[in-house]
2 protein chains.
Amino acid sequence: MIANDPYSELERRFGRLSAVHRAQAILNWDRSTMMPDGASDDRADQLATLGVIAHEIIVAPEMPDLLARAEEGASALDPWQAANLREMRRSWVHESALPADLVEARTRACSACEMVWREAKKNADFKSLLPTLSEVLTIMRRVGEAKAAALGTSLYDALLDEFEPGGRSARIDVLFAELRAFLPDLLGRVLEQQKHQPPILPLEGPFPVEAQRRLGEELIRRIGFDFHHGRLDVSAHPFTGGTADDVRITTRYDEQDFARALMGVLHETGHGLYEAGLPRQWRRQPVGSARGMTLHESQSLLMEMQACRSDAFIRFAAPRMRAAFGKDGPAWTEANIHRIYTRVAPGFIRVDADEVTYPLHIMLRYRLERAMLAGDLALADLPGAWNDGMRELLGIVPPDDTLGCLQDIHWPDGGWGYFPTYTLGAIAAAQLFAAAQRAVPGLMEAIGQGDFAPLLAWLRANVHGKGSIATTDEILAGATGAGLGTAAFKAHLESRYLKA
Amino acid sequence: MIANDPYSELERRFGRLSAVHRAQAILNWDRSTMMPDGASDDRADQLATLGVIAHEIIVAPEMPDLLARAEEGASALDPWQAANLREMRRSWVHESALPADLVEARTRACSACEMVWREAKKNADFKSLLPTLSEVLTIMRRVGEAKAAALGTSLYDALLDEFEPGGRSARIDVLFAELRAFLPDLLGRVLEQQKHQPPILPLEGPFPVEAQRRLGEELIRRIGFDFHHGRLDVSAHPFTGGTADDVRITTRYDEQDFARALMGVLHETGHGLYEAGLPRQWRRQPVGSARGMTLHESQSLLMEMQACRSDAFIRFAAPRMRAAFGKDGPAWTEANIHRIYTRVAPGFIRVDADEVTYPLHIMLRYRLERAMLAGDLALADLPGAWNDGMRELLGIVPPDDTLGCLQDIHWPDGGWGYFPTYTLGAIAAAQLFAAAQRAVPGLMEAIGQGDFAPLLAWLRANVHGKGSIATTDEILAGATGAGLGTAAFKAHLESRYLKA
């Protein structure tokens, strides 16, 4: 079989790899939602073993020859097969770039650092994190160097490439510079305008978890979440996991504040719909996977920020919120709820940020992680540089490192190169939603009636169903007429936050 | 490494195998408790792939040489290592006995037959099951023949050996003959005696699921179930799954009848405590696994039948039942609840049977599956043979095959050779509990106060902590002074059901 049809043999091997990855996804979901606390060592051992098995499948000794011979015969492949072969090669390059001891050192260092980080964050004690974080940084430099050599990119781009295939910092620099020139001025005008709006009336709880859950399920069912192929559960940190056929989204309920958790569920639903919409025939092969974190984040932000914080959707949702909790009165009008969901205010915490200030949080992290990887910023100087950046970008300085440079898991966890994809996703979300509105007449009216079918059909055809057949930019160009650009995002922010 | 220390290399490989098995266990649990219905193909693919990976680990080409060289050097191993090596060999013999195509055919045929069986059972339509069940039987004969050749046993014993290592039908025949000579007479006397007891008053519901869950959790915590290393959830068919460090037990609540589900939870807790008590150092190696289904079932039945249906425990539990459901009155006395939990009545359904009639259900299945495997009973004649056997053993004849030969999943599922372990487990449970009472002064008094620590400590030391270091009979002899025998079981039944 190997001798006769190298491409088929590759499909067989990558199909097996997919099954291992899908098993890992369910085990990871279980770890965050169901697993009793005493089982973490046991689970870590299971996941590490499956990780080694997955690695061995990709770097099997026959693989280089199989790939080379399949590529020689690539002219006989159809476009999906050809793209699949390209993605196989990409997996192999990433996976084989790292020696086994470096993979293991990375896993061990990140896992140890994450433990230390949880304590350090609790105690606002950056110093206690320095030794382990320093080890992670050293290892991530080695990872970046090894991958840079294999990919022919810079060190930072090699790390970025894990999350955003083909992503390059030169491109990000341009996009971020455009936002850097735009956002502070916009922010000032929005804050000024907000002063003249009616004051926001708080939604007074308590909001029973069960009522929140029912409301969330009702709304995400409307949006298109299929409970025959997915679940909604609770975890400490909301995420989307599972598989394309078995999407597991999570949330965290707060009985004093339902509004945030609800929007979180709608956000994760956006991620989940992307997974559920991946091409059915190819979802167990590399080409059938989500394209990258930019498009993934674009789908959650399109759902949350573009669709569900719109006037139209709030008009639909507000009466359902009142009914869910048996509430009424001036705080529960559509107008007040919409003001809650579109309030802009510079704050210390990224995950709580509104969509105007969020990119400024990201620019700070992007700037700092590049400087640290390049050796231009010593780890010990991170808190100072963080606070300087916050002052410059957002005009506020966190009172301690818990609200500052200790807030995110990404650096302790080894997710260097991840941060920019949040804002790339926000930009792509605006661009895609604007294109959908142009392409689908009556889109907003439908959303205003809780009918997401037209939007979902367009996303299925133009994004989800594309899997990884093309690059992020090619998929965006096919869907919107152009590669990633900031125009739609800027127009969206002005239109939403600077109403006449 | 392979060259220098074959035993260490085997430990490494079997440690990896254990991690794959533990991952499968969690994925199987999820499938029965959490997974949305649309994900079954996806999950089947994950589990099949992990099954192939596990198989390949055991039958790797280096394995025969590694085993042989480790066995040559076995004199240098300590007793746990030596036993571990013996269990590795056992795994290899079982796994390598079957050609890959037979393994695959078995999986496919059983999975197909199980689907047909669900419908056939619903419709009492044995004929519709005949073709697929016949295929399963043919395949199980091939499996039995292949394993018999590898193990040097009869065909039936080779199948039995999967579930009860070292189990032999010659031995079962003797034990079952003793019970066959004893039970019908006992049953007659018990039924006669029950006529003169006060009538059983029904416990009237409804019993809210949440109250049932809380009561179950309270009681199993008392017994020793550790929620830091386990969960209690709901599934269509109660089972114990997960891993030694992460025990997942399930139940099914009926708002009209809490008593059955509660005893089911206590039963699964017995299984779970066995897993949780496996030797900590060895639980990721073959020697640290549960010894076999006889001891496994002995642990669930010891907890359910011996400990929790005792007068002493019902005295402890009855007030907690009244409090849980806010009930009182003559039906809720200890005496009436105890009568409910020790009622004897011949019935059609094995899983609903009391402990006096249960072995008769097992004898029937044992007799029939041997006859079918031997070719002495044609599948088409199974319903008739079943009904004849029910008349002979229990004095009743099921009105249809749903209440007859279609009731159990084991034959469609490929679990031929499994049935006798239920009754071997019941026999072992009585023997172990009698030994525990002799060895631990005040054992029943402690149970009467809801204190299971003395019992659990004895089980940990004498059964759970032994893993698979010795045979079932050796473990029983160490714990009770003798290998498996029916005396304690008979004495238990007489003492409980023929009170003066």
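The model is a predicted one, so local features need pLDDT of at least 70 and side-chain atom pairs count only at pLDDT 80 or more, while totals for chains, interfaces and linings use all residues. Residues are numbered from 1 along each chain as its sequence is written, with chains lettered from A and ligands numbered from 1 in the order in which they are written.

Chain A comes with 20 helices and 3 strands; these are DSSP runs numbered from the N terminus, helices being H or I with at least four residues and strands E with at least two. For 500 residues, a compact globule would have a radius of gyration near 23 Å, and chain A, at 23 Å, agrees. That radius is taken over C-alpha atoms, and the globule rule is 2.2 Å times the number of residues to the power 0.38. Some 43% of the 500 residues of chain A count as buried, that is, with 20 or more other C-beta atoms, placed from the backbone, within 10 Å of their own.

Over in chain B, 3 strands make an open sheet in the order 1-3-2, with mixed pairing; two strands pair if DSSP finds at least two bridges between them. Strand 1 (230–234) and strand 2 (240–243) of chain B are the edges, each pairing on one side only. Strand 1 of chain B runs parallel to strand 3 (residues 246–251) of chain B over 5 bridges, and there B:G230 sits opposite B:V247.

Note on methods. A residue is buried if 20 or more other C-beta atoms lie within 10 Å of its own, exposed if 12 or fewer, and partly exposed in between; C-beta atoms are placed from the backbone.
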